[in-house]
Amino acid sequence: MEAVAKLNNVPSSPRKMRLVADMIRGKRVTQALGLLKFTANSGAPKLEKLLLSALSNWQAANEDARIEDANLYIKEIRVDEGKMLKRLRPAPQGRGHRIRKRSNHVTLVIDSKVEAETVETSTSNEAK
């Protein structure tokens, strides 16, 4: 059973957020939380909070299961471009330079590897 958490309109550029997202993609949830806690990047605390939210969503959907036994991993993390605020900054000789203040949307999906392993073993047993 997978759980989804979304974070919209984060006021940082998608490129900076993707650096952190690529670091935790496909990792186990406990390992990803450890990485995010000690990463000195501006997007790490936001992604850590989002991952905790996804964990909470998973726990709400699976009240009888324990997080430690579920073997959760980050199935998908996607960073999309959000709205861009356009501002003008004064430049020499009466000109103006455009400043683009970027934002992003992050979607995080966590899933349990136990389900995937049972499906693989059942198909391999049928093949024998």
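Predicted model: local features only at pLDDT ≥ 70, side-chain atom pairs only at ≥ 80, totals over all residues.
Leucine 108, L108, counts as buried because its relative accessibility is 1%, where buried means under 20% relative accessible area, exposed over 50%, and partly exposed in between, with a 1.4 Å probe and protein chains only. L108 is found in strand β5; helices (H or I, at least four residues) and strands (E, at least two) are DSSP runs, numbered from the N terminus. Residues are numbered from 1 along each chain as its sequence is written, and side-chain values use heavy atoms, with hydrogens and water left out.

Which residues does L108 touch, not counting residues up to four places away in sequence? They are A3, V4, A5, L50, L51, A54, I74, E76 and I77, a contact meaning heavy atoms within 4.5 Å. One of these residues, A5, lies 103 residues from L108 along the chain, yet their C-alpha atoms are separated by 5.3 Å. For the protein chain, among contacts between residues at least 6 apart in sequence, 69% join residues at least 24 apart.

Let me turn to the fold. The protein chain has five helices and five strands. Along the sequence, these elements follow the pattern β-α-α-α-α-β-β-β-β-α.

The sheet comes next. Three strands form an open sheet in the order β1-β5-β2, with antiparallel pairing; two strands pair if DSSP finds at least two bridges between them. The edges are held by β1 (3–10) and β2 (72–81), each with a single partner strand, so one side of each is left without a neighbour in the sheet. From one strand to the next, the twist averages 15°; axes here are lines fitted to C-alpha atoms, for helices over the stretch in contact, and angles run from 0 to 180 degrees between N-to-C directions. Strand β5 (residues 104–112) and β2 pair in the antiparallel sense over nine bridges. Opposite N104 in β5 stands E81. Helix α1 (residues 14–24) packs on this sheet and touches β1, β2 and β5, its direction making about 165° with that of β2.

Is S13 buried or exposed? S13 counts as buried, because its relative accessibility is 19%. Beyond residues up to four places away in sequence, S13 touches R102 and N104.

A second residue of β5 deserves attention, namely D111. D111 also counts as buried, at 9% relative accessibility. Leaving aside residues up to four places away in sequence, the contacts of D111 are M1, E2, N71, L72, Y73 and K75.

Y73 leads us to the side chains with rings. The charged end of K113 sits over the ring of Y73, 5.1 Å from its centre; the criterion is that NZ of Lys or CZ of Arg is within 6 Å of the ring centre and within 35 degrees of the ring normal. How many aromatic pairs are there? The count comes to zero, under a rule by which rings of Phe, Tyr and Trp (its six-membered ring) pair if their centres lie within 6.5 Å, with planes under 30 degrees apart counted as stacked, over 60 as edge-to-face and the rest as tilted.

Next, the backbone. N9, found in strand β1, has a phi near 55°, a positive value in a residue other than glycine. N9 is partly exposed, with a relative accessible area of 49%. Q93 likewise has a positive phi, near 60°, and is a residue other than glycine. Where does Q93 lie? Q93 lies in the loop between β3 (85–90) and β4 (96–101), and at 72% relative accessibility Q93 counts as exposed.

Strand β4 contains I99, which is partly exposed, with a relative accessible area of 30%. I99 touches L85, K86, R87 and R89, again not counting residues up to four places away in sequence. Of these, R89 is 10 residues from I99 in sequence and 6.7 Å away in space, C-alpha to C-alpha.

I close with the surface. Buried residues make up 32% of the 128 residues in the protein chain. The chain exposes about 8700 Å², and carbon and sulfur atoms supply 50% of it; accessible areas come from the Shrake-Rupley method with a 1.4 Å probe, and for residues only the protein chains shown count as cover.
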